[in-house]
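Please report on the strands, the domain contacts and a few single residues of this model. Keep it brief.

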2 protein chains.
Amino acid sequence: MRGFSVFDRVSRAFHDHPTLSKALLVVTVSGGGLLAYADANSSNGAQIINSSEADTKKKKVVVLGTGWAGTTFLRNLKSPSYEVQVVSPRNYFAFTPLLPSVTCGTVEGRSIVEPIRNIVRKKKVDVQFCEAECIKIDAENKKVYCRSSVNNNLNGKEEFIVDYDYLIISVGANVNTFNTPGVMENCHFLKEVEDAQKIRRTVIDCFEKASLPTTSDEEKKRILHFAVVGGGPTGVEFAAELHDFVNEDLVKLYPGLKDLVKITLLEAGDHILNMFDKRITAFAEEKFRRGGIDLKTGSMVVKVSDKEISTKELKNGGEISTIPYGMVLWSTGIGTRPVIKDFMKQIGQANRRALATDEWLRVEGCDNIYALGDCATINQRKVMEDISAIFSKADKDNSGTLTVKEFQEVIDDICERYPQVELYLKNKQMRNIVDLLKVPKGEVAKESLELNIEEFKSALSQVDSQMKNLPATAQVAAQQGVYLARCFNRMEECEQNPEGPLRFRGQGRHRFRPFRYKHLGQFAPLGGEETAAQLPGDWVSIGHSSQWLWYSVYASKQVSWRNRALVITDWARRFIFGRDSSQI
Amino acid sequence: MRGFSVFDRVSRAFHDHPTLSKALLVVTVSGGGLLAYADANSSNGAQIINSSEADTKKKKVVVLGTGWAGTTFLRNLKSPSYEVQVVSPRNYFAFTPLLPSVTCGTVEGRSIVEPIRNIVRKKKVDVQFCEAECIKIDAENKKVYCRSSVNNNLNGKEEFIVDYDYLIISVGANVNTFNTPGVMENCHFLKEVEDAQKIRRTVIDCFEKASLPTTSDEEKKRILHFAVVGGGPTGVEFAAELHDFVNEDLVKLYPGLKDLVKITLLEAGDHILNMFDKRITAFAEEKFRRGGIDLKTGSMVVKVSDKEISTKELKNGGEISTIPYGMVLWSTGIGTRPVIKDFMKQIGQANRRALATDEWLRVEGCDNIYALGDCATINQRKVMEDISAIFSKADKDNSGTLTVKEFQEVIDDICERYPQVELYLKNKQMRNIVDLLKVPKGEVAKESLELNIEEFKSALSQVDSQMKNLPATAQVAAQQGVYLARCFNRMEECEQNPEGPLRFRGQGRHRFRPFRYKHLGQFAPLGGEETAAQLPGDWVSIGHSSQWLWYSVYASKQVSWRNRALVITDWARRFIFGRDSSQI
């Protein structure tokens with residue numbers, strides 16, 4: 001049994017005690033090796049991959065991407081009635097919220113990644129992985145065009161086509177430069193593990209270059225100026241990590257350079273962390289200022305050359321100023337990947353930032369295509385669009401008016417189908433949806449309340465104002481992955497017994513309940529072992545205790561015991577020995 | 001005291017207990033930041049770096065390279081009477097014997113490196129580091145030309161000149177391709193940490209490429225064929241590591257590919273590990289054959305194309321055969337770095353593989369230049385060259401004959417100056433050097449033994465056959481580093497009171513004892529938790545117990561407690577969770 005690690009052996013021993021932990025379940029290697037593929041030349045010279053005859057009963061699910069959305073989907077998919085093909089340029093899942101920690105070596109890159117094959121191999125679902133990039137989606141013919149991303153002397157035929165019955169698009173987003181000149185060429189980004197490792201090397205590069213005897217004092221100052229563009233959680237966390245790295249570790253090895261180091265955080269808006277509670281923003285700004293991080297709000301970057309950043313000072317009437325820099329991290333938001341842009345053009349969704357889906361994560365205007373994570377946004381249905389349909393569905397006796405009793409029968413369906421209604425009630429502090437109906441009528445007894453279509457419209461006219469796009473976070477993507485996997489697990493069952501709300505514009509009920517996002521809170525690490533946490537119910541916690549909460553949440557959220565152990569030992573190593581400054 | 005890690009704080013606490021450990025000594029930040037440099041333009045446009053006036057009393061030592069030799073020198077240098085400037089393209093020391101472990105993720109690259117600044121910062125010696133490559137040595141003017149190896153937007157003036165009083169050349173060697181066509185372009189090497197990381201990625205690349213649906217079975221076989229050229233310790237250890245990686249870890253994630261993987265070890269000689277005892281060679285060959293590693297001895301690689309290796313079968317009358325491959329590691333020996341080649345031409349040592357030094361590690365024909373490690377070889381002095389001088393020095397009464405008494409007075413000096421004499425006696429199993437003198441005379445009483453110059457020559461005529469070049473190992477380099485540092489530490493002291501042997505061709509004594517290598521044994525890890533160990537006194541140990549010896553020796557030899565802890569936890573991580581196969 002040499003071929004099995006201790007962990008596997010322990011797992012086997014715990015076979016009969018499934019309550020212990022998910023990760024201690026028996027190892028079940030997914031059946032039967034690789035699929036058999038029939039090769040055939042298509043018209044454009046690429047090969048078409050068809051599933052073999054034996055598997056035709058199984059529906060073929062193609063998952064694009066191995067980020068949060070795709071991986072969570074795969075982890076939660078349990079129904080053996082699918083044959084899953086994963087296509088991604090990365091053969092691993094990366095725990096992206098820890099990327100800022102990787103930039104300065106608080107955590108190693110390898111500790112936050114887990115091979116996707118390892119994640120799926122213990123499942124009973126038939127999952128195959130291809131390390132390739134999707135270059136085109138052909139929704140009409142249900143095909144996906146892929147290109148192998150492995151390049152060295154191993155090149156065979158580079159492109160191939162994969163058929164699908166269901167397509168799950170979870171390719172994520174790329175960086176958004178807002179077409180600012182020079183950004184692509186001169187800035188660092190923080191989307192991938194490689195980005196973080198490159199940043200780490202560049203920081204050390206800057207210190208080494210500044211230590212050379214030939215570097216003038218002015219050059220030293222420029223080289224040791226680290227600029228961060230974008231005051232969101234990523235930018236803030238990187239600035240904080242870098243500040244710690246410099247002050248806790250590098251200062252000991254480069255004692256002569258301490259006073260020359262400068263970190264600047266540039267934010268176009270009035271405040272950093274503007275998605276957080278005001279108390280957190282104020283604390284972070286104060287802490288950064290005290291710690292010596294130069295905070296420039298109202299400062300929009302208009303150009304980045306190889307040695308200077310040009311900014312437009314929005315507060316000073318748009319004055320343009322330039323700042324010399326040594327390294328700059330660009331983290332201002334997310335853009336659209338070319339393959340998604342191309343696909344959006346095909347399906348008439350051009351000019352959008354992300355793919356529009358309905359509340360069931362189905363791409364609008366397509367059959368059997370789902371999109372989740374950063375590459376998609378849910379196009380929430382407006383109540384006012386469906387108001388007549390809702391009214392006539394609710395008005396069972398076709399009297400032309402709606403009684404409270406009639407309305408109460410459809411209340412649950414309305415709230416489920418249009419989550420903005422509940423949000424509106426909560427914001428207006430109404431206890432009950434019936435209170436909403438009272439608004440156009442004034443104070444009347446609940447029993448005698450009766451509304452015609454115009455009064456009904458007027459009662460619900462404001463609810464759509466509560467619609468909000470979901471943030472592009474790991475939390476949203478992961479919840480969408482779980483949701484979609486559950487839908488797929490119960491596809492046949494729900495086909496027979498739909499569990500969703502009433503179809504107001506059609507007959508019967510929706511197959512599934514629509515996706516609902518549940519916000520579990522958000523962290524903003526601020527350096528010096530302090531973190532700001534905003535938890536549900538507007539509960540705000542700032543300081544060392546939140547840092548420990550952060551440690552425990554991030555450790556527990558790791559996708560494998562291996563990741564968990566590695567991340568925790570990385571923290572311990574850093575705590576004991578500090579961060580490493582070797583240039584590798 | 002935020003700026004100090006726990007380790008430092010503990011170190012401080014142990015200040016008064018220096019017996020605990022070297023690593024627990026107080027942290028003494030080396031004085032005074034960076035040196036001041038006076039800029040001036042030299043004739044060729046590069047800048048000349050002069051030490052400031054205040055430091056003129058201190059002799060300036062320039063160390064080239066931060067490998068085993070250079071780092072060990074720096075670690076052992078204690079005399080504060082030097083101002084040391086280290087020039088190396090890598091700002092860290094790498095524990096190279098663990099590089100083969102890094103290729104497959106048994107140990108992480110970062111765990112075996114330690115920043116050179118960290119190594120020197122706790123010393124009282126004034127050591128400065130420049131991340132730059134030495135491109136030219138000007139022995140005549142005592143100058144070294146350097147080029148910064150940091151390249152991104154940070155470029156200022158790229159080249160500079162460093163003056164020295166003593167120059168220590170420890171730049172190591174590069175790979176030796178023996179001018180075999182295609183090797184540089186298509187092969188992997190294993191000299192640097194980056195090489196090991198690249199090999200790791202390529203192995204995974206091969207598995208991913210072989211998993212693509214478009215790859216034909218024949219292609220899969222080619223891609224999964226890993227070739228290792230060179231049956232030395234590095235090649236053997238890599239083959240063993242790769243075999244373990246495939247059979248313990250990858251086989252679980254790529255179950256369909258197991259039977260297609262092939263590892264071939266190509267060796268031009270008749271046996272692998274030919275510097276080891278025959279028992280070890282036989283055991284390793286048998287183990288590899290049983291484990292399924294294809295061992296091809298007598299097979300000389302004559303060409304490497306992008307997909308095929310051409311070999312000349314020395315056993316089959318020089319037949320040329322070609323083998324398709326997916327990845328090939330070239331580890332056949334070491335070559336000369338261009339800067340050393342260039343320098344050797346200057347000093348009339350062209351056509352050599354490495355710089356020739358005397359037994360005091362001084363480069364022949366140069367003043368105050370020392371060379372150690374893989375870039376140098378000690379040109380041992382032949383007894384026969386000095387035989388007349390030895391005779392006349394020993395013949396104190398100028399009688400033209402040498403009595404035993406006269407000879408006994410210089411015995412110690414001869415043995416110290418010419419270590420081959422002792423080796424010769426040991427090999428001939430003579431108890432005493434006087435026995436040597438008896439050879440030309442036959443059996444005579446010791447007291448009446450008297451030799452003339454011709455008889456003396458004849459007695460010592462065979463001793464020079466025992467001269468051997470030292471192997472290019474970390475052990476030799478490290479011992480040379482320690483030796484040279486001790487010489488530098490006692491330079492003034494020994495100037496007054498020379499401690500070396502008699503100068504046979506001159507007056508007085510040598511300042512220092514010549515360098516003597518002490519072989520402490522060698523390991524050859526063979527995979528499957530088995531290691532072969534050859535210890536002094538021809539003691540051979542093979543198996544699991546040697547593996548544990550290997551673990552303890554390699555853990556204890558780490559240059560810092562940080563490295564030690566990291567390497568040990570890496571082993572533990574591997575033991576528990578297996579090796580990671582993410583492509584980063």
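In this predicted model, strand 26 (residues 530-535) and strand 27 (residues 539-543) of chain A run antiparallel and are joined by five bridges. Strands here are DSSP runs (E, at least two residues), and helices are DSSP runs too (H or I, at least four residues), both numbered from the N terminus. Two strands pair if DSSP finds at least two bridges between them. A:Ala533 has A:Ser541 in strand 27 of chain A as its bridge partner. The hairpin of strand 26 and strand 27 of chain A has three residues between the strands, and A:Gly537 takes a positive phi near 80° there.

The model is predicted: local features need pLDDT of at least 70, side-chain atom pairs count only at pLDDT 80 or more, and totals for chains, interfaces and linings use all residues. Residues are numbered from 1 along each chain as its sequence is written, chains are lettered from A and ligands numbered from 1 in the order written, and side-chain values use heavy atoms, with hydrogens and water left out.

**Sheets**

Chain A also holds an open antiparallel sheet of three strands, in the order 15-16-17. Strand 15 (299-304) and strand 17 (319-324) of chain A are its edges, each pairing on one side only. The twist averages 30° from one strand to the next. Angles run from 0 to 180 degrees between N-to-C directions, with axes fitted to C-alpha atoms, for helices over the stretch in contact.

In chain B, four strands form an open parallel sheet in the order 13-12-11-17.

| Strand pair | Sense | Bridges | A bridge partner pair |
|---|---|---|---|
| Strand 15 and strand 16 (residues 308-313), chain A | antiparallel | five | A:Met300 and A:Lys312 |
| Strand 12 (residues 262-267) and strand 13, chain B | parallel | five | B:Leu265 and B:Leu295 |

Two helices lie across the chain B sheet. Helix 8 (residues 233-253) of chain B lies across strand 11 (225-229), strand 12, strand 13 and strand 17 of chain B, at about 175° to strand 12 of chain B. Helix 9 (residues 278-291) of chain B lies across strand 12 and strand 13 of chain B, at about 135° to strand 13 of chain B.

**Domains of chain A**

Domain bounds come from an automatic or database domain assignment. They give domain 1 (1-173 + 336-380 + 490-508), domain 2 (183-334 + 523-577) and domain 3 (383-466) of chain A. In domain 1 of chain A, 33 residues are in contact (heavy atoms within 4.5 Å) with 29 residues of domain 2 of chain A. About 2,900 Å² is buried between domain 1 and domain 2 of chain A, 60% of it from carbon and sulfur atoms. Buried area is the accessible area (1.4 Å probe) that two parts lose on being put together, summed over both. A:Thr103, A:Cys104 and A:Thr106 supply 21% of what domain 1 of chain A buries against domain 2 of chain A, more than any other three residues. Three salt bridges (a side-chain nitrogen of Lys or Arg within 4 Å of a carboxyl oxygen of Asp or Glu) are counted between domain 1 and domain 2 of chain A.

**A loop residue in chain B**

B:Asp165 sits in the loop between strand 8 (159-163) and strand 9 (166-169) of chain B. B:Asp165 counts as partly exposed because its relative accessibility is 26%. Buried means under 20% relative accessible area, exposed over 50%, and partly exposed in between (1.4 Å probe, protein chains only). Not counting residues up to four places away in sequence, B:Asp165 touches B:Lys58, B:Lys59, B:Lys60, B:Lys142 and B:Asn368.
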